[in-house]
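These notebook entries record what I looked up, one topic at a time.

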Amino acid sequence: MSYEKVEQAKDRVIGRKQTLKALHARLIKELYVANDADPRIKQEVVGAAIDTDVAVVYVDSMKRLGKACGIEVGAATVALRK
């Protein structure tokens, strides 16, 4: 279900750096984090999501998360804009 929601989303933010910017600007309603991502990345982004009261959804694979976004590489994080 989670991958399908990411695929269908019209306005998403892909990657750690852009996700953190959008979280701090309070533009995000939901965050997707791959369980196989680097633990430091997960900790940083999830911490920012908690600070801004954004729901965090964990998915299994960076590769599948990237594919759901239509990119050829894995994605550690994907955020859906409000």
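I began with a term: strands are DSSP runs of at least two residues, numbered from the N terminus. The model I consulted is a predicted one.

**Entry 1: Thr-77**

I located Thr-77 in strand S4, which covers residues 77-81. Is Thr-77 buried or exposed? Its relative accessible area is 0%. Buried means under 20%, so I recorded Thr-77 as buried.

I then looked for polar contacts of this side chain. One joins it to the side chain of Thr-19, at 3.3 Å. The side chain of Thr-77 also reaches the backbone nitrogen of Arg-16, at 3.5 Å.

Next I listed the residues in contact with Thr-77, leaving aside neighbours within four places in sequence. Among them are Val-13, Ile-14, Gly-15, Arg-16 and Thr-19. I also noted Leu-31, Tyr-32 and Val-33, together with Ile-41, Val-45 and Leu-65.

**Entry 2: helices H2 and H3**

H2 spans residues 16-24 and H3 spans residues 39-51. I noted that two packed helices are described by the angle between their axes and the distance between the axes. For H2 and H3 the angle is about 15 degrees, and the axes are 9 Å apart. Angles under 35 degrees count as roughly parallel, and H2 and H3 are therefore roughly parallel to each other. The crossing of these two helices is left-handed.

Sorted by class, the contact has six nonpolar, two polar and two charged residues.

**Entry 3: Glu-30**

I turned to strand S2, residues 28-34, where Glu-30 is found. Its relative accessibility is 14%; because this is under 20%, Glu-30 counts as buried.

With which side chains does the side chain of Glu-30 make polar contacts? I found Lys-5 at 3.0 Å and Tyr-32 at 3.1 Å.

**Entry 4: two positive phi values**

I looked up Arg-26, in the loop between H2 and S2. Its phi is positive, about 60 degrees, although Arg-26 is not a glycine. Arg-26 has a relative accessibility of 51%; exposed means over 50%, so Arg-26 counts as exposed.

I then looked up Asp-53, in the loop between H3 and strand S3 (55-59). The phi of Asp-53 is near 55 degrees, a positive value in a residue other than glycine. Is Asp-53 buried or exposed? At 73% relative accessibility, I recorded Asp-53 as exposed.

Definitions and conventions. Residues are numbered from 1 along each chain as its sequence is written. This is a predicted model: local features need pLDDT of at least 70, side-chain atom pairs count only at pLDDT 80 or more; totals for chains, interfaces and linings use all residues. Side-chain values use heavy atoms; hydrogens and water are left out. Helices (H or I, at least four residues) and strands (E, at least two) are DSSP runs, numbered from the N terminus. Buried means under 20% relative accessible area, exposed over 50%, partly exposed in between (1.4 Å probe, protein chains only). A polar contact is a pair of N or O atoms within 3.5 Å; within protein, one must be able to donate a hydrogen and the other to accept it, and residues adjacent in sequence count only if both atoms are side-chain atoms. Axes are lines fitted to C-alpha atoms, for helices over the stretch in contact, and angles run from 0 to 180 degrees between N-to-C directions. Angles under 35 degrees count as roughly parallel, over 145 as roughly antiparallel, 65 to 115 as roughly perpendicular and the rest as oblique. A crossing is left-handed if the near helix is turned anticlockwise from the far one by less than a right angle, and right-handed if clockwise. Ala, Val, Leu, Ile, Met, Phe, Trp, Tyr, Cys and Pro count as nonpolar, Asp, Glu, Lys and Arg as charged, and the others, Gly among them, as polar. Contact means heavy atoms within 4.5 Å.
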